[in-house]
Amino acid sequence: AVNGQTIVDQEGGHATGDPLGVAVALVNAWTPHGGVRKGQFATCGSFTGLRYINPGDVCTISFAGLGSARVEFAV
C-alpha cells in the first residue's frame, strides 16, 4: 500500500508472469560481453513490478506468514 491505498494485492506469481523470461533476457544481454560467468548472480525481479514513489509517501507491505514493514520516504 502507498499512503493507505492498496497498489498490489496478489498471491504468488511474478510481476512479468514468468521469472524464467527475466533469466533468458539476462543471458541474452550478457552474451556479447562474454556471457554470464561463474560467481555472478541476479535477482529474478520484483514481486510488485516497478512502482514510482514520491517524497513523503508512506509504503507498507505484508507477506502472510512472514511479517510486514513500513517505510516513510523523506521529503
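V27, W30 and V36 together make a nonpolar surface patch of about 240 Å². Patches here join nonpolar side chains (Val, Leu, Ile, Met, Phe, Trp, Tyr) within 5 Å and like charges within 9 Å, taking residues with over 30% relative accessible area and no salt bridge; areas are Shrake-Rupley with a 1.4 Å probe, and for residues only the protein chains shown count as cover. This is a predicted model, where local features need pLDDT of at least 70 and side-chain atom pairs pLDDT 80 or more, while totals for chains, interfaces and linings use all residues. Residues are numbered from 1 along each chain as its sequence is written, and side-chain values use heavy atoms, without hydrogens and water.

**The patch**
- V27 is found in helix 1 (helices are DSSP runs of H or I, at least four residues; strands are E, at least two; both numbered from the N terminus).
- V27 counts as partly exposed because its relative accessibility is 41% (buried is under 20%, exposed over 50%, partly exposed in between; 1.4 Å probe, protein chains only).

**Charges**
- There's one salt bridge in the structure (a side-chain nitrogen of Lys or Arg within 4 Å of a carboxyl oxygen of Asp or Glu).
- E72 pairs with R70 in a salt bridge, with the closest N and O atoms 3.6 Å apart.
- E72 is exposed at 53% relative accessibility, and R70 is exposed at 56%.

**D57 and N3**
- D57 sits in the loop between helix 1 (19-30) and strand 1 (58-63).
- Beyond its neighbours within four places in sequence, D57 contacts V2, N3, V71, E72 and F73 (heavy atoms within 4.5 Å).
- N3, in the segment before helix 1, has a positive phi near 55°.
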